[in-house]
Amino acid sequence: MALLSYFASNRDRGRENVRIRKMNNDDDDNKDATRTETPLASIAQAFEEIADLIKKGNKSEGSVDLRLKPFCEACTLVSVLFGCLGIAFRFAEMEYTSKVRDLLEASKQFATLSSVVEFDLRNKTVKSPGSHTRNLRRVRQGLDLIKELFQNFISDENHSLKKAATQAYQQVCAPYHTWAVRAAVSAGMCTLPTREQLLLKINETDKSAEKEMRRYIKAAHEVIKNIDNHYISRNIELDW
């Protein structure tokens, strides 16, 4: 009887171990499933889809005229990242989100990015405050700012968010801002979350964040280049 009890006990323990392993595997699967739905993953996915359209179009037609509404919907997702950066990037968040909203509203009238630029070109309002073409330029700048921030963030394992954000701002936005805005941004950099705090806010680990950031960097490069081509092809300078 003791021998039978021994085997029965071992069998029960074996079943329990299998159950625990299954639970652990299920937890890992759930974590992976959750991670694919993080804000960062959603942004990377949205811009990869746009970049794929650009690449396919370039092969067959030579250039792609992106549809305005889907473009704006992808850009809306980026607003979440600005919100996670706090006061230092509040200026960028407010400007970026207002410009995206304007273009989204404009998508009721204009089907593509090209039609927006053509309209302002005909009316000589390309650089006029509040014009859709000017707002598109500012949205493009916001996408580039996040791209450069990500590039800096993953360039070194010990790279602080403050250093990454400061370098990104100085490269992308500072040349077009007044001294007062630059000073306010500089002061606000001290309020940025730490690297660990940011990862917690966006529900990522160092490893998963790097993967998604690289996806965005690659895709955003294609999207930004496409936007710039709408200006270059019409002899509109980019330095403004």
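Helix axes here are lines fitted to C-alpha atoms over the stretch in contact, and angles between N-to-C directions run from 0 to 180 degrees. The model is predicted.

**Helix pair.** The axes of α3 (residues 68-84) and α4 (residues 90-106) come within 9 Å and cross at roughly 160°. Angles over 145 degrees count as roughly antiparallel, so α3 is roughly antiparallel to α4. The crossing of α3 and α4 is left-handed. Residues of α3 in this contact include Leu 68, Cys 72, Cys 75, Val 78 and Phe 82, and those of α4 include Tyr 96, Val 100, Leu 103 and Leu 104. The make-up of the contact by class is as follows.

| Class | Residues in the α3 and α4 contact |
|---|---|
| Nonpolar | 11 residues |
| Polar | 4 residues |

**Nonpolar core.** The largest nonpolar core has 66 residues, of which Phe 47, Leu 68, Phe 71, Phe 89, Leu 143 and Phe 150 touch the most other members. Helices that each supply at least two residues of this core include α2 (39-60), α3, α4 and α6 (132-155). The largest share, 10 residues, comes from α10. Not counting residues up to four places away in sequence, Phe 47 touches Ala 74, Cys 75, Val 78, Leu 143, Tyr 216, Ala 219 and Val 223.

**Loop residue.** Ala 111 is found in the loop between α4 and α5. Ala 111 counts as partly exposed because its relative accessibility is 38%. Leaving aside neighbours within four places in sequence, Ala 111 is in contact with Leu 66, Arg 67 and Leu 68. The C-alpha atoms of Ala 111 and Lys 69 are separated by 7.4 Å, although the two are 42 residues apart along the chain.

How values were computed. Residues numbered from 1 in each chain as written. Predicted model: local features only at pLDDT ≥ 70, side-chain atom pairs only at ≥ 80, totals over all residues. Heavy atoms only, no water. Helix = DSSP H or I, 4+ residues; strand = E, 2+ residues; numbered from the N terminus. Parallel < 35°, antiparallel > 145°, perpendicular 65-115°, else oblique. Left-handed = near helix turned anticlockwise from the far one by under 90°. Contact = heavy atoms within 4.5 Å. Nonpolar A, V, L, I, M, F, W, Y, C, P; charged D, E, K, R; others polar. Core = buried A, V, L, I, M, F, W, Y, C linked by side-chain atoms within 4.5 Å. Buried < 20%, exposed > 50% of the residue type's maximum accessible area, 1.4 Å probe, protein only.
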